[in-house]
Amino acid sequence: MIKKHNYTWIVVEDNHDDFIIIDICIKQITKEIDVVIDLVHQKDHVETYNYLLSNNKCDLLLLDINLPIKNGLDILAELDRFKYSFPVIVMSTSVCEEEIK
């Protein structure tokens, strides 16, 4: 029996429908390979910090830019101060060219 590799990805996304789309895509991509990705949904910076400060596992952070209160770039800057060593993918559903830059 082949052992599956297990990963935990944090998805910081305030829009539940966007999270569902991400979840469906990840499940579709990984169903044929020996990888299990557990998605942990966090809706804002407070949930994200609490999760990380509790020493929970994080192999990848998917971070929305357009979040309420604190945007994704502010969260990224704070995480950098704490020297977290996981990769981060910044995402946005925005079509505004200024926000994308």
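1. A word on terms before anything else: "buried" means under 20% relative accessible area, "exposed" over 50%, and "partly exposed" in between, using a 1.4 Å probe and protein chains only. On that scale Lys 43 is partly exposed, because its relative accessibility is 43%. Its salt-bridge partner is Glu 47, with the closest N and O atoms 3.8 Å apart; a salt bridge here is a side-chain nitrogen of Lys or Arg within 4 Å of a carboxyl oxygen of Asp or Glu. Glu 47 is partly exposed too, at 28%.

2. Keep in mind that this is a predicted model, where local features need pLDDT of at least 70, side-chain atom pairs count only at pLDDT 80 or more, and totals for chains, interfaces and linings use all residues. Residues are numbered from 1 along each chain as its sequence is written, and side-chain values use heavy atoms, with hydrogens and water left out.

3. The structure has 4 salt bridges. One of them joins Lys 27 and Asp 23 at 3.1 Å, N to O. Both residues sit in helix α1 (residues 16-30), 4 residues apart, or about one turn; helices are DSSP runs of H or I, at least four residues, strands are runs of E, at least two, and both are numbered from the N terminus. Lys 27 is exposed at 52%, whereas Asp 23 is buried at 17%.

4. Next, look at Asn 6 in strand β1 (residues 5-12). Leaving aside residues up to four places away in sequence, Asn 6 touches Val 36, Lys 57 and Asp 59, contact being heavy atoms within 4.5 Å. Asp 59 also forms a salt bridge with Lys 57, at 3.4 Å between the closest N and O atoms.
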